[in-house]
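Subject: Structure for you to look at

Dear colleague,

Here is the structure I said I would pass on. Please open it alongside this message.

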Amino acid sequence: MTISWCGAVLAIVLAVAGMQFLETPIGLAPDADWMLSPLPWAWQHLLPLAADKVVGRLFLVGGVSVATALLFIKGIRWPKAAAMFLGLTACMVGAYFLGDASYQYVAARSIASVASSDLAQELRANSGRYNAWTFVCWWGGLAALALGVLMMAVALLVPGKALEDRL
């Protein structure tokens, strides 16, 4: 997993740096679906997370939950509520990145008409860079979602006294 992350980050850095001495762009193959393994089957369910209305709500809920978590950490010392709101924030970040990964996947492969034709052409022209970004969004979103669920479980199951020193 760590090697895959390092490879994706390296692919993005090299693609963005624009290695001028190479004739072909650095990146991953446009049809490389092996690293996005569950995404080809799950994009239909995650694509609604990329809608403009949903993204705005994700940002709103995430911002409010961060502010509330800070209130419970700095002001009112209630660590269980702070952990719950931090978990909710991580879940919102995960949902955003999962929606972005499904949007990039669908737009780059022209599976559904979700993007403008200019964006679809750009994605196909620089497919390696966007495959690397889709990989980072997919696995980063899953990691953030898992962290959020764990934080919320901690808030529900761990006694408040044990959390006081941690937050």
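Below is what was found in it, from the whole chain down to single residues.

The model is predicted, not experimental. Please read the values below as computed from that model.

Overall make-up

The protein has seven helices and zero strands. The chain has 167 residues, and 35% of them count as buried. Taking the contacts with a separation of 6 or more, 76% are between residues 24 or more positions apart.

H2 against H4

Helix H2 covers residues 39–46, and helix H4 covers residues 79–109. The two pack with their axes 9 Å apart and at an angle of about 115°. Because of that angle, H2 counts as roughly perpendicular to H4. The crossing of H2 past H4 is left-handed. On the H2 side the contact is made by Leu 39, Pro 40, Trp 43 and Leu 46. On the H4 side, Leu 98, Gly 99, Ala 101, Ser 102, Tyr 105 and Val 106 take part. Sorted by class, this contact has eight nonpolar residues, two polar ones and no charged ones.

H4 against H5

Helix H5 spans residues 117–125. H4 and H5 pack at an angle of about 90°, and their axes are 8 Å apart. That angle is why H4 is described as roughly perpendicular to H5. From H4 the contact uses Tyr 103, Gln 104, Ala 107 and Ala 108. H5 supplies Leu 119, Ala 120, Leu 123 and Arg 124. By class, the contact of H4 with H5 has six nonpolar residues, one polar and one charged.

Two residues of H5

Arg 124 lies in H5 and is one of the residues in the contact with H4. With neighbours within four places in sequence left aside, Arg 124 is in contact with Ala 107, Ala 108 and Ser 110. The C-alpha atoms of Arg 124 and Ser 110 are 9.1 Å apart, and the two residues are 14 residues apart in sequence.

Ala 125 is also placed in H5. Its relative accessible area is 54%, so Ala 125 is exposed, the cut-off being over 50%. From Ala 125 to Ala 108 the C-alpha separation is 9.2 Å, and these residues are 17 residues apart along the chain.

Thr 89 in H4

Thr 89 lies in helix H4. Its relative accessibility is 13%, and because buried means under 20%, Thr 89 counts as buried. Which residues does Thr 89 touch, not counting those up to four places away in sequence? They are Gly 62, Ser 65 and Val 66. With Ser 65 there is also a polar contact between the side chains, at 2.6 Å.

If you want places to start in the viewer, go to the H2 and H4 contact around Trp 43 and Tyr 105, then to the side chains of Thr 89 and Ser 65, and then to Arg 124 with Ala 107, Ala 108 and Ser 110.

Regards

Note on methods. Residues numbered from 1 in each chain as written. Predicted model: local features only at pLDDT ≥ 70, side-chain atom pairs only at ≥ 80, totals over all residues. Heavy atoms only, no water. Helix = DSSP H or I, 4+ residues; strand = E, 2+ residues; numbered from the N terminus. Contact = heavy atoms within 4.5 Å. Axes fitted to C-alpha atoms, helices over the stretch in contact; angles between N-to-C directions. Parallel < 35°, antiparallel > 145°, perpendicular 65-115°, else oblique. Left-handed = near helix turned anticlockwise from the far one by under 90°. Nonpolar A, V, L, I, M, F, W, Y, C, P; charged D, E, K, R; others polar. Buried < 20%, exposed > 50% of the residue type's maximum accessible area, 1.4 Å probe, protein only. Polar contact = N/O pair within 3.5 Å; in protein donor to acceptor, adjacent residues only side chain to side chain.
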